[in-house]
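Hi there,

Here is the structure I promised to pass on to you. Have a look at it first, and my notes follow just below.

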Amino acid sequence: MKALTFTKKQITRAAAIAAGAVAAAAVAITVVMTSVGTRAAERLLPIYCVERGDKKIALTFDVAWENSNTQKLIDILKENDAKATFFVTGDWCDRYPEDVKMFFDAGHDIQNHSNNHPHVEGMNVNELINDTRECSRKIKMITGVEPTLYRAPYGEFDDSLITTMDGMGLKVIQWDVDSVDWKKPTAAQIQKKVLKGVKSGSILLFHNDLENTTEALPEILKKLKSEGYEFVTVKDMIYTENYSIDAQGKQVPAVKSSIELTEERLEQVLAQNADKIKAAGITDEQIQAARNAIKNGDLSALPSELQPFAAEVMAQIGKDGVPLSGDTPAGDSRDTSSTQSSTSISAPQK
């Protein structure tokens, strides 16, 4: 039998391929496990906007075309003290690495917009992982920084994409204010559409390489700045822990209770609602999960259908003259009304 021999280069290459396969398999396993733990009836959502009370907003640009206005965008943003997030494709990194570096050196954030701009809804998980990883690799080669955010081409997403990105350590970012600049409306039309939709915590969508965007942007930034808005990067505006995403895709910070909770009082309120709990079909496991969340004062880890129930229990516990308050950062006057309960315990959504 003829003996097989390998060069050091061949061995090194084989080891690299094997390591890549192991990494891809690890991500795929994470995706499967996350999907198994997700309720089939609940569609996962990316982050469309953020609940904030400090008038911070995020300008974002999808970058996949040419590079006609790179310097103009940098100049306009600088003139208005604005930081932006540029979601670039790996293909654009290949064609215009100097432009990627220009955006980065100007203080803007560079994030992942896929490698080849494919349609990702229903995409094979391994193909999605490889495409995403390749874009991140190219961005890191240019900037030295690993992306932590992902914007899907065409704004497409499904549960598989959300869980895959989560397994790769990437948060999926959409938008709640769309300039629709790619349809090439006039600058005045872009300004009108954008300005009427902005609120604290908004994520604005623009594209590069468009003359109408270049014309519209100065007036948009000037107007928003005069209204007290601050332009920050997406990663500086979103929450990285202790949050939930509501049915509209708004990222909401967890609201923690300042009530003086005792085990006896908690069990007393649960006993008082025993008939309602039974009628609502809430299981013993769900009750235990709610009990733990109430004790921790953090309902964000609960399934969304149990949060109103747990919030109502917390409200009843706090009726004895002890206020419920949101544990939010100093100077942040967020509206915490989304955590308030209804007047009766409802059955969880199936």
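Let me begin with a side-chain detail: the side chain of T143 reaches the backbone nitrogen of V145 at a distance of 3.1 Å. Please keep in mind that this is a predicted model, so every value here is computed from it.

Where does T143 sit? It is found in helix α5, which covers residues 125–143. Is T143 buried or exposed? Its relative accessibility is 12%, and because the cut-off for buried is under 20%, T143 counts as buried.

As for its surroundings, T143 touches V100, F104 and I110, leaving aside residues up to four places away in sequence. One of these contacts, F104, lies 39 residues from T143 in sequence, yet the C-alpha atoms of T143 and F104 are 6.8 Å apart in space.

The other part I looked at is a set of paired strands around β11. Strand β11 (residues 250–253) runs parallel to strand β1 (residues 49–50), and 2 bridges join them. Within this pairing, C49 has K250 in β11 as its bridge partner.

Strand β10 (residues 243–245) also pairs with β11, this time antiparallel and through 3 bridges.

Best wishes

How values were computed:
Residues numbered from 1 in each chain as written. Predicted model: local features only at pLDDT ≥ 70, side-chain atom pairs only at ≥ 80, totals over all residues. Heavy atoms only, no water. Helix = DSSP H or I, 4+ residues; strand = E, 2+ residues; numbered from the N terminus. Buried < 20%, exposed > 50% of the residue type's maximum accessible area, 1.4 Å probe, protein only. Contact = heavy atoms within 4.5 Å. Polar contact = N/O pair within 3.5 Å; in protein donor to acceptor, adjacent residues only side chain to side chain. Pairing = 2+ DSSP bridges.
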